[in-house]
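Here is a short tour of one predicted model. Look at the fold, then read on.

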Amino acid sequence: MTAENPAAITVDTARLPLALAELRLPSIARLWPEFTERADREGWPAARLLASLAELELAERARRRIERHLAEAHLPPGKAFDSFDFAAVPMLSKAHVLALAAGDGWLEKGANLLLFGPPGSGKSHCGAALGHALIEQGWRVLFTRTTDLVQRLQTARRDLALETAIAKLGRFDLIVLDDLCYVRKDQAETSVLFELIAARYERKSLLVTANRPFGEWNDIFPDPAMTLAAIDRLVHHATIFELNVESYRRRTALTRTRQGTGRTGSRPPVAPATAEPAT
Ligand code: ADP
Ligand code: MG
């Protein structure tokens with residue numbers, strides 16, 4: 001009898017918050033009163049309510065995952081594509097870069113991306129923007145200065161935990177190794193860098209930024225054979241972009257000067273780029 005008159009049924013929801021917490025459904029736990037109230041008011045079929053709550057939880061779960069991935073990625077703030085001026089680097093194909101930013105099959109194959117260019121040409125910005133876009137697609141990314149990661153791996157090696165440390169980095173679909181050329185074989189035993197490159201070869205992607213061409217990479221690795229082996233693995237499945245432009249920082253400084261918004265003086269400063277930080 002009562003089943004024919006739903007309004008007459010009183011539902012005991014006292015246990016619902018606990019049950020939803022136990023089931024790990026925090027979004028439903030937060031929003032079910034609003035949803036059920038609306039469903040009652042608008043006369044939704046029960047299936048519609050259930051489907052709406054399930055979709056809500058899934059969407060919120062995806063959003064929380066992306067937030068976690070953004071936090072773990074250590075991307076430099078403010079360096080996304082919306083602030084990247086492709087017109088400033090005409091040799092960089094915007095369509096190609098945006099295809100890579102959409103995933104485009106390269107991360108599944110563990111293919112690499114190498115960005116060459118002088119200081120200030122936008123390598124780090126472009127690498128960070130790619131990382132940002134890929135995280136939004138659900139990939140896991142780590143952005144790190146190469147020297148920082150090498151130090152971490154050396155510490156791990158001293159603790160006899162290099163293999164574990166490299167295996168843990170396998171959770172990242174892409175590691176952005178920023179400024180590979182600042183690693184020095186005399187500063188550190190960079191064979192750990194080689195171990196990382198070898199371990200990820202054809203499995204997980206690397207994005208390397210470098211301000212010096214391959215010919216000058218002998219300063220990085222302990223011996224020429226290892227340099228060759230590292231380059232070989234990096235380039236085997238790789239897209240290589242060369243950002244052969246003058247420093248963006250220097251160019252914007254010059255523009256400001258010419259427009260009279262920077263330093264005063266009839267001539268642009270000769271070398272504002274000397275203040276270039278090592279990025
Ligand atoms: P690199 O890593 O090649 O030394 P960065 O990516 O750090 O250069 O760029 C230097 C500065 O100039 C950063 O503040 C960056 O955001 C900015 N920049 C470089 N290229 C561009 C660009 N094409 N559009 C917008 N900003 C840029
Ligand atoms: Mg940089």
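## A helix in the core

The buried residues of α5 pack against α3, α4, β1, β2, β3 and β4 (205–210). Buried means under 20% relative accessible area, exposed over 50%, partly exposed in between (1.4 Å probe, protein chains only). Helices (H or I, at least four residues) and strands (E, at least two) are DSSP runs, numbered from the N terminus.

Eleven of the 14 residues of α5 are buried, so α5 is largely enclosed by the rest of the structure. Among them are K123, H125, C126 and G127. The helix has the expected length: at 1.5 Å times one less than its number of residues, α5 should span 20 Å, and its end C-alpha atoms are 20 Å apart, which agrees. G138 follows α5, with a positive phi near 105°.

A nonpolar core is a set of buried Ala, Val, Leu, Ile, Met, Phe, Trp, Tyr and Cys residues joined through side-chain atoms within 4.5 Å. The largest has 32 residues, and F81 and L92 touch the most other members.

α5 gives the most, with seven residues. A second, separate core of 30 residues includes F116, L149, L162 and M226.

Residues are numbered from 1 along each chain as its sequence is written. Local features need pLDDT of at least 70, and side-chain atom pairs count only at pLDDT 80 or more.

How values were computed:
Chains are lettered from A and ligands numbered from 1 in the order in which they are written. Side-chain values use heavy atoms; hydrogens and water are left out. Contact means heavy atoms within 4.5 Å.
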